[in-house]
Amino acid sequence: MRKTSLIHCFARQVIRSSSSSSSYCRSFSSSPSNNKLFVAGLSWSVDEKSLKEAFSSFGEVSEVRIMYDKDSGRSRGFGFVNFSREDEASSAKDAMDGKALLGRPLKVSFALDKVNREPLNTRYSNRGTTFGRSR
């Protein structure tokens, strides 16, 4: 279990002593799948087809998602590439990190699991502090 995961689990258990905190902590104890890559530094002209083509030489790409801005519809400059196998994702990460795609260098890493988020104003309300300062 990662150090930050332990801190989050401990803080959550202190704030709430409900059964949901233990299920939250258990979600980090299983080893995450490393088939999904986070790809940052995408040019606005990169679409899902061109991103898939760029990564498909390393193995079977099962899904590609580029994240778009809700208001403008323009790319937010990052996306995700899923591979069918972990070793294919690993070799793609090593080869594509720092490589240019349509004139922009990519930053490629393994994607992290999405964590259930709560609004910051209620998250630490029982502690009496907000961002390290007293209210």
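Asp87 counts as partly exposed, because its relative accessibility is 42% and partly exposed covers the range between buried, under 20% relative accessible area, and exposed, over 50% (1.4 Å probe, protein chains only). Asp87 pairs up with Arg85 in a salt bridge whose closest N and O atoms are 2.4 Å apart; a salt bridge here is a side-chain nitrogen of Lys or Arg within 4 Å of a carboxyl oxygen of Asp or Glu. Arg85 is partly exposed too, at a relative accessible area of 45%. The model is a predicted one, so to speak of a local feature takes a pLDDT of at least 70 and to count a side-chain atom pair takes pLDDT 80 or more, while totals for chains, interfaces and linings use all residues. Residues are numbered from 1 along each chain as its sequence is written, and side-chain values use heavy atoms, with hydrogens and water left out.

A search of the whole structure turns up two salt bridges. Besides the Arg85 and Asp87 pair, there is one between Lys93 and Asp94, with 3.6 Å between the closest N and O atoms. Lys93 is partly exposed at 21% relative accessible area, whereas Asp94, at 54% relative accessibility, counts as exposed. Side chains of opposite charge can pair when their charged atoms come close.

Now for the overall layout. The protein has five helices and eight strands, where helices (H or I, at least four residues) and strands (E, at least two) are DSSP runs numbered from the N terminus. Read from the N terminus on, the elements go α-α-β-α-β-β-α-β-β-β-α-β-β. Of the 135 residues, 29% count as buried. The protein exposes about 9400 Å², and carbon and sulfur atoms supply 50% of that; accessible areas come from the Shrake-Rupley method with a 1.4 Å probe, and for residues only the protein chains shown count as cover. Take the contacts (heavy atoms within 4.5 Å) between residues at least 6 apart in sequence: 57% of them join residues at least 24 apart.

Strand S1 (residues 36-40) is a handy place to look next. S1 runs antiparallel to S3, and five bridges join the two; strands pair if DSSP finds at least two bridges between them. Within that pairing, Ala40 stands opposite Phe78 in S3. S1 also pairs in the antiparallel sense with strand S6 (residues 107-110), over four bridges, and there Phe38 stands opposite Ser109.

Lys36 lies in S1 and is partly exposed, at 35% relative accessibility. Leaving out neighbours within four places in sequence, Lys36 is in contact with Phe80, Val81, Asn82, Ser109, Phe110 and Ala111. Lys36 and Ala89 are 53 residues apart along the chain, yet their C-alpha atoms are separated by 6.9 Å.

Asn35 sits in the loop between helix H2 (19-29) and S1. Asn35 counts as buried because its relative accessible area is 19%. A polar atom of the Asn35 side chain lies 3.5 Å from the backbone oxygen of Ser84. With neighbours within four places in sequence set aside, the contacts of Asn35 include Ser84, Arg85, Glu86 and Ala89. Asn82, found in strand S3, is buried as well, at 17% relative accessible area. Beyond four places in sequence, Asn82 is in contact with Asn35, Lys36, Glu60, Val61, Ser62 and Glu63.

What about the inside? In soluble globular proteins, nonpolar side chains tend to be buried together. Not counting residues up to four places away in sequence, Leu106 touches a list of residues including Val39, Leu42, Phe55 and Met96.

Leu102 is in the loop between strand S4 (100-101) and strand S5 (104-105), and counts as exposed because its relative accessibility is 53%. Phi of Leu102 is near 55°, a positive value in a residue other than glycine.

Conventions:
A polar contact is a pair of N or O atoms within 3.5 Å; within protein, one must be able to donate a hydrogen and the other to accept it, and residues adjacent in sequence count only if both atoms are side-chain atoms.
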